[in-house]
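Below is a short briefing on one protein model and its ligand. Look at the sequence and the structure first, then read the points by topic.

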Amino acid sequence: MIAETLNIKIQKTTHSRLAETDFSDLHFGKTFADHMFQMDYEDEQWKNAKIIPYEKLQMSPSLAVIHYGQSIFEGMKAYKNEKGEIFLFRPLENFERFNRSAKRMCMPEVSEEIFMESIRQLVLLDKEWIPTAAGCSLYIRPVMFASDEFLGVRPSDTYKFMVITSPSAAYYSQPIKVLVESKFARAFEGGTGYVKASGNYGRSLYPSKIAHEKGYQQLIWTDAFEHKYIEESGTMNVIFQVGDKLITPPVSNTILPGVTRDSVLTLARDMGVTVEERKISITELVEAHRKGQLLDAFGTGTAATIAPIELIGFEGEDYMLPPVSERKLSTKIHAQLEAIRFGKAADAHGWAMKIN
Ligand SMILES: *Cc1c(COP(=O)(O)O)cnc(C)c1O
């Protein structure tokens, strides 16, 4: 394909909200930087690339996406170190995943240039919005949705691709209590579990709410067919340490291939740890726990990196995991991953992409 040159029109804000933003009290996804990127798909091409002040959208009540959910997104972060160097972490993985999501949802793909340049220019324009306190970063949310004003069920002819950013604090994670879900399913064979399609998240809320009411923060999803095999934890991949080994379900039709998951497994292998990507039944975990071999369980994802699991609820029983202070392996991997993201550690795999 011929590389097009992306000409982004930039309209800067005349009243930055930076000064009135309290960076010592950031919550996830609540505060947004001054600008956003927007591009339109019409007549079978992407056009009108622009960065404008963050503002509300105007839309028709007949907008296709709000009726039939043709919508996809990504989640990634920009990191700034003391030297003012700004990094993205493995952004091409997000780019490729975004296009896999687009394909599955019958939406147009974006070029690498559109994806990368929109993010790079937006992040650089709002670079003062990247928090610098330990563990903090600028969360980046690319999103695409169907924008036809039409109630027929068919792929939209027009779409919007947007990128917004949100300064976010270190995801302070108390270990979480998770409940094994044995009735509802997040994803199923032939479905959309392997992509970041918006509907996947809407349908997960009701079962999650029931778990909340029982005192658990998150679910462990199991396969839709038998509810016997582990899939993911909430919106994170899930990894277990049994003895000296790390085990995790293989990516599949129903499991989202997380960038954090892959990074954690790769660093573990680099350290000489045995990693098994295979089906894991609940029975196997319960058995490992009974033998005292279930040493660690954690979710992985861009938002939290590694979210330690405190206990796993299953059939009325809570299976406690060792205190986080004893989880040497995941703690070490977590620290190394953070150091690479901020350009502070040897980056053997070339994961940190400096953008300034
Ligand atoms: C985004 C996501 C993950 C984690 O992916 P990362 O690339 O590590 O952020 C895992 N599971 C689901 C369902 C997700 O949506």
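Predicted model: local features only at pLDDT ≥ 70, side-chain atom pairs only at ≥ 80, totals over all residues.

S204 is buried because its relative accessible area is 9%, and buried means under 20%.

**S204 and its setting**
- S204 belongs to the loop that lies between helix α4 (198–202) and helix α5 (205–213).
- From its side chain, S204 makes a polar contact of 2.8 Å with the backbone oxygen of Y201.
- E315 is 111 residues away from S204 along the chain, and the C-alpha atoms of the two residues are 20 Å apart.

**Where the ligand sits**
- The largest pocket holds the ligand.
- There are 14 residues around the ligand, and the nearest of them are K196, Y201, E232, T260 and T302.
- Sorted by class, this shell consists of 4 nonpolar, 6 polar and 4 charged residues.

- In the side chain of T260, an N or O atom is 2.6 Å from an oxygen atom of the ligand.
- R97 has a polar side-chain atom at 2.9 Å from a ligand oxygen atom.
- T235 takes part through its backbone, where a polar atom lies 3.3 Å from a nitrogen atom of the ligand.
- On its own the ligand exposes 380 Å², of which the protein buries 95%.

Notes: Residues numbered from 1 in each chain as written. Heavy atoms only, no water. Near = heavy atom within 4 Å. Polar contact = N/O pair within 3.5 Å; in protein donor to acceptor, adjacent residues only side chain to side chain. Areas by Shrake-Rupley, 256 points an atom, 1.4 Å probe, with all protein chains shown as cover. 1 Å grid on protein atoms, 1.4 Å probe; cavity = no way out; pocket = protein on both sides within 12 Å on 5 of 7 lines; lining within 4 Å. Sits in = over half its atoms within 2 Å of the grid points. Nonpolar A, V, L, I, M, F, W, Y, C, P; charged D, E, K, R; others polar. Helix = DSSP H or I, 4+ residues; strand = E, 2+ residues; numbered from the N terminus. Buried < 20%, exposed > 50% of the residue type's maximum accessible area, 1.4 Å probe, protein only.
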